[in-house]
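Let us walk through a protein together. Keep the sequence and the 3D view at hand as you read.

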Amino acid sequence: MDAPSFTPVDAPVPQGVIVVERASTALDLGPKVNRTAADVIRFLMQAGEMVTATQSLSDDMIELFAAEVGAEIRLVDPGEEQEVELQKLLQLDDDDQSAPVRPPVVTIMGHVDHGKTLLLDRIRNSTVIEGEAGGITQHIGAYQIERDGQAITFIDTPGHEAFTAMRARGAESTDIVILMVAADDGVMPQTIEAINHAKAAEVPILVAVNKIDRDNADPDKAIAGVAEHGLVPEEWGGDTIFQRISALQGTGIDELLDQLLVLAEMEDLRASPEGRAQGVVLESNLDIGRGPVATVLVQRGTLRVGDPMVAGAAWGRVRALINDQGENVTEAGPSTPVQVLGLSEVAGAGHDFVVAPSDKLAGRVASTREHWQRQSSLGREAHALAGGAKLEDIFEQIQRGEAATLNLIVKADVNGSLEAVTESLRKLERDEVKIGFVHRGVGGMTENDIQLAATANATIIGFNVRPDRKARELASNEKVEIRTYEIIYKLLEDVESAMVGMLAPEYEEVVTGDAEVREIFSVPRIGKIAGCYVLNGVITRNSKVRFLREGTIIWKGTVQSLKRFKDDAREVAAGYECGIGLSDFQDLKEGDIIETYEEREIERTLDS
């Protein structure tokens with residue numbers, strides 16, 4: 001571009017390097033160099049460029065105008081300066097000995113079924129065990145208790161190997177790790193993994209030898225097994241505390257908590273409650289009625305209702321804070337876990353969060369992060385779209401000697417599960433077959449997911465989520481394969497089996513009916529009855545049922561009673577109203593979907 005004949009306004013430009021974002025408008029650029037938008041537009045018009053005040057300018061336009069007025073500028077990507085400003089707020093200074101003592105953050109780790117959830121249940125005196133699919137904890141949770149007037153925060157992490165990433169994230173947010181080892185089982189693969197995570201995080205480990213009440217318990221053998229991995233008991237001359245307990249009977253729990261407080265005192269944990277809050281996102285999900293919900297651990301400062309907050313590509317003004325007891329609170333200090341409502345989207349688990357100086361800065365940084373995340377994912381999606389195969393076709397492609405890519409769209413109920421499923425699937429990759437993640441997201445399966453799967457020739461994997469009726473119909477029309485799971489073992493088995501040509505399930509689930517809850521009635525001695533309108537298929541008494549809220553499974557059971565008006569009915573077809581009573585489920589809300597299904601045996605076929 002040739003320089004035009006232009007006489008700039010006789011006003012000094014700011015001294016030093018002026019930071020200007022790429023794609024700035026005349027309205028943005030003018031004030032930065034002590035000029036008006038009109039000055040910029042007039043100059044560019046004389047250069048032959050017809051622009052408006054709100055039109056993005058090219059790098060050449062910005063640099064040419066800066067040179068003309070004698071300004072030294074540095075062009076940066078949009079949001080870069082705000083990101084730098086925000087990162088300065090994330091610098092922790094935990095060495096400040098003048099800061100008050102804070103509660104310790106404790107993570108319970110160990111092998112699946114070694115009693116972690118039962119121990120936590122015993123400690124906080126509430127039930128979280130029943131209802132876990134496959135007998136394992138599949139969502140991270142954080143809770144705070146008091147012992148002798150001192151608070152202790154616990155982070156509960158899943159035990160299955162598939163949840164390595166979640167467990168690692170827990171260790172990175174932790175001051176002390178309780179390593180659970182069963183006295184009747186000893187050291188297992190996840191025990192070793194937990195030890196490695198805790199060592200990598202450089203946090204003290206307290207070993208809880210559980211199940212000492214069992215007839216076949218051998219605590220000494222379990223202790224010896226742990227000692228082989230570098231955790232030597234104090235009584236053996238080492239520096240690791242071992243506590244024998246029975247989470248089932250409550251034996252040794254008080255002593256365990258006392259040992260935790262001793263360790264915490266030795267660690268001298270401190271954090272200032274003053275200033276802008278910062279911390280880490282432990283878990284996040286999309287909740288019907290409440291929107292995006294993030295479980296966060298405040299690590300420094302105090303998080304308050306009304307604060308502008310940014311976490312990864314999510315941001316928003318904190319609308320509500322909910323503590324581990326389900327109570328609304330106005331603020332949360334260091335080492336306190338709370339649920340945050342008010343974010344723009346589901347925050348990424350493991351992302352740092354910080355309270356920003358303003359809504360504008362928070363929004364700009366989040367928007368920039370989202371942009372770059374989208375850009376980086378475009379390449380991966382493009383690779384997946386090229387030559388990928390569905391789950392049902394993958395072995396045939398391998399048999400032909402071709403390098404295959406299994407295209408997947410993965411949807412899950414919460415962010416932590418999504419991350420865990422993704423990482424587990426990545427581990428199944430081999431030289432002859434790669435996995436391409438066309439899309440990953442939190443929430444129920446939508447028509448957009450089906451359309452994307454059809455375009456990308458992908459299989460949709462759902463973990464604790466279901467497609468709605470329209471999505472199912474579209475999937476049937478587009479021949480899109482949908483596979484839904486509630487237990488991660490089965491999900492991984494199916495995908496791995498497909499890769500070796502053995503995928504031939506003996507049963508398939510067939511949805512027999514959908515009904516929408518329109519009204520809720522309370523019947524004495526019976527409980528709540530859902531007044532429903534049957535949208536599709538036939539609802540049959542005693543049939544298996546899933547209860548869906550925004551596509552997410554919140555309960556499974558059977559149709560206990562079915563009525564048309566006041567009369568019992570064996571079945572009710574689409575287009576009719578009915579009353580549905582569900583076995584031991586009362587959390588009914590208008591707009592929920594009752595989905596009935598049956599398992600039908602299908603013929604097994606040989607692929608090779």
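Leaving aside its neighbours within four places in sequence, which residues is Trp315 in contact with? They are Met309, Val310, Gly342, Leu343, Ser344, Asp359, Ala362, Gly363 and Ala366. Contact means heavy atoms within 4.5 Å. Take Ala362 from that list. Trp315 and Ala362 are 47 residues apart in sequence, but their C-alpha atoms are 6.1 Å apart in space. Trp315 itself lies in strand E13, residues 314-317. Its relative accessible area is 29%, so Trp315 counts as partly exposed. Buried means under 20%, exposed over 50%, and partly exposed in between (1.4 Å probe, protein chains only).

A word on the source. This is a predicted model, in which local features need pLDDT of at least 70 and side-chain atom pairs count only at pLDDT 80 or more, while totals for chains, interfaces and linings use all residues. Residues are numbered from 1 along each chain as its sequence is written, and side-chain values use heavy atoms, with hydrogens and water left out.

Now step back to the whole protein. It has 608 residues, and 51% of them count as buried. Its secondary structure comes to 15 helices and 31 strands. These are DSSP runs numbered from the N terminus: helices (H or I) have at least four residues, strands (E) at least two. Among contacts between residues at least 6 apart in sequence, 70% join residues at least 24 apart.

Six strands form an open sheet in the order E4-E5-E3-E6-E7-E8, with mixed pairing. Two strands pair if DSSP finds at least two bridges between them. The edge strands, E4 (141-147) and E8 (241-244), each pair on one side only. Strands of a sheet pair through backbone hydrogen bonds, either parallel or antiparallel. Strand E3 (residues 105-110) and strand E6 (residues 176-182) pair in the parallel sense over five bridges. Here Val106 stands opposite Ile176 in E6.

Finally, find two helices. Helix H5 (residues 116-124) and helix H9 (residues 253-267) have axes that come within 11 Å and cross at roughly 85°. That makes H5 roughly perpendicular to H9, a label for angles of 65 to 115 degrees; under 35 is roughly parallel, over 145 roughly antiparallel and the rest oblique. Axes are lines fitted to C-alpha atoms, for helices over the stretch in contact, and angles run from 0 to 180 degrees between N-to-C directions. H5 brings Leu119, Arg122 and Ile123 to the contact, and H9 brings Ile253, Leu256 and Leu257.
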